[in-house]
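Visitor: I am new to this structure. Please walk me through how to read its features.

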Amino acid sequence: QHTPTNKHQHTPTHTNTQMAASWPAFGANFPSPLRLLRGEQAGHETPISSEKDLSHACLLLHRLAEPAPPETPSQVAIDLNYTKLSAADVSDLVRALEAAAANLSGLSLRLMHTHLAPDCAVELTRALCSHDRLTALLLNLAYNDIGEEASQQVADCLSHSHSLTALSLSLSHAKVGSRAAKQVAKLLAQSTSITALELSLSTNQLEAEGVQQVAKVLTQAHKLTSLSLNLSDVNLEALSAGKVAELLNTHPHLTSLALLFDANPLGAEGLRHVGVVFSVPSNLRSLSLSLSNTSIESADAIRLTESLLSNSQLSSVSLNFASNSISAEGVEEIAKLLSLASHIRCLTLDLSRLDFRNPTARKVAELLSQNTSIVSLTLRLRESRIGAKGATQVIQQLLARAPHLASLSLDLAFTSVSDQTVARLATVLARNTTLGSLSLELKSTLITTVGVIALGKALAMNTHLTSLFLDLSLNENILDRGVHSLSECLRANSTLGRIQVVGFCRPDLSTNISTSCTKACR
């Protein structure tokens, strides 16, 4: 885990490769089954049972096969990332999955960095595809040596499932070449049931022709209405990026598309091609472009934003400009353009790791709050230099002066957010009567026990929020009494139907707060 030596400093926390390999929360506009499995979906859906230990996960699955199974099929999340899995371990998991087949409708299976053998990956997938009630599956096989042949066998199994309607498959850094990538996409495109697909091929050796072939065969997936394609860190050329965009923009049935081009040297030429393509109206209503670390500058980002916003058919737009050479003036111009887009109802803007200070942060929040058409806003300012004052001004603008917002997500992780910032947050949150969903990422900040107690009291008083996500990871100055106070305050709020609080170091405190939150939801 990363702990900055000086929290006021701008300290990168992830390499580009790591960022590309992890599945981002960039599918906010995608159907609820996959969002729910990732822990992003707000509301009152079927609760998810979650395990991070193999033996406990197998026990949980076997319980679903008991004589008195749950009345409704269950959703299960199993996170075994960085756990070395032997062939015997996989066999145990396969048996447990087979036992639970009749009562499992949603499964998240994260197996990144598990030394998973190719034949074991295929064996697991075959077991999953034997389930005739499994409708949503998130399968992360990233950073395992899956290889060419096994990756195609995995895709073949998934394509023959008649129950799956939503699939997220990650083959990032899995030794998948151009030929295999094309075949994987072709097999998945043949599915007669999958309507929502997330496919990650990032950090693989894909040639320009191979990338275009992947996009081309996906245009033949006539059942698809939602697609997310992760081509981060595959040495994608500018012209290839434009061709991928052009092919997918002509898909006859897609209404929601996310393209992740992070860590590719697109530059001005690549962005110009992409912008021209998506300025033309099509069936798309939702578009996400992730362009982190793609060697773009202010003028490129502004031109792209102008092009996208000229397409009035788009009601939902996500733009990730993180880790690029975009100036403060460029950031403000982008925000100004977005503030005038009256056709946008859902907006995600990622300005993480850009070099601007608190006046720019305040201006961005002010401009975005002026667009009264936006009802759902995600603003990411992770690892920015906005300081405590800038963070306070952002919160003030978006919580106190944007009554049209029904959903707000703020990422202020690795910034200088302080107790004074949280105190202001508590004040405006207690008075807010319009926000239904709130997500706050406050990882590795300057918050102490005092700030957490103040935040908890504000949350206890708010009777309008129905969904809360709160990340307080790597805040070592939050003591036990702060955690307990927050737990009790959340328990006292009977209107919060979905609560997720993460990040406390001690397992017993994490269990305590999770238990309290669960009781509050019942």
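Visitor: Which residues meet in a salt bridge with a distance of 3.7 Å, N to O?
Guide: Start with the general idea. Side chains of opposite charge can pair when their charged atoms come close. Here a salt bridge means a side-chain nitrogen of Lys or Arg within 4 Å of a carboxyl oxygen of Asp or Glu. The side chains of Arg179 and Glu148 make such a bridge, at 3.7 Å from N to O. They link distant parts of the chain, 31 residues apart: Arg179 sits in helix H7 (residues 178-189), and Glu148 in helix H6 (residues 147-159). Helices (H or I, at least four residues) and strands (E, at least two) are DSSP runs, numbered from the N terminus.

Visitor: What kind of model is this, and how are the residues numbered?
Guide: It is a predicted model: local features need pLDDT of at least 70, side-chain atom pairs count only at pLDDT 80 or more, and totals for chains, interfaces and linings use all residues. Residues are numbered from 1 along each chain as its sequence is written, and side-chain values use heavy atoms, with hydrogens and water left out.

Visitor: Is Arg179 buried or exposed?
Guide: Look at the relative accessible area. Buried means under 20%, exposed over 50%, and partly exposed in between (1.4 Å probe, protein chains only). Arg179 has 57%, so Arg179 is exposed. Glu148 has 26% and counts as partly exposed.

Visitor: How many salt bridges are there by this rule?
Guide: The count is ten. One of them joins Asp300 and Arg303, with the closest N and O atoms 3.8 Å apart. Both residues lie in helix H11 (residues 298-309). They are three residues apart, about one turn of the helix. Asp300 is buried at 9% relative accessible area. Arg303 is partly exposed at 41%.

Visitor: What separates Glu366 and Lys363?
Guide: About one helical turn, because they are three residues apart in helix H13 (residues 358-369). Glu366 forms a salt bridge with Lys363, and the closest N and O atoms are 4.0 Å apart. Salt bridges that share partners join Arg362, Lys363 and Glu366 into one network. Lys363 is partly exposed, with 26% relative accessibility.

Visitor: How do I read the length of helix H15?
Guide: Compare its reach with the expected span, which is 1.5 Å times one less than the number of residues. H15 (residues 419-431) has 13 residues and reaches 19 Å from first C-alpha to last, close to the expected 18 Å. Its buried residues include Val422, Leu425 and Leu429. The buried residues of H15 pack against helix H14 (387-400), strand E14 (437-441) and helix H16 (449-461).

Visitor: Why is strand E2 largely enclosed by the rest of the structure?
Guide: Because five of the six residues of E2 (residues 74-79) are buried. E2 pairs with strand E3 (residues 104-110) in the parallel sense, over six bridges. To count as paired, two strands need at least two DSSP bridges between them. Ser74 stands opposite Leu104 in E3. The chain crosses from E2 through helix H4 (residues 87-99) to E3, and this β-α-β crossover is right-handed. That means a clockwise path from the first strand over the helix to the second, with the strands pointing away from the viewer.

Visitor: How many helices and strands does the protein have?
Guide: It has 18 helices and 16 strands. Of the 522 residues in the protein, 58% are buried.

How values were computed
Contact = heavy atoms within 4.5 Å.
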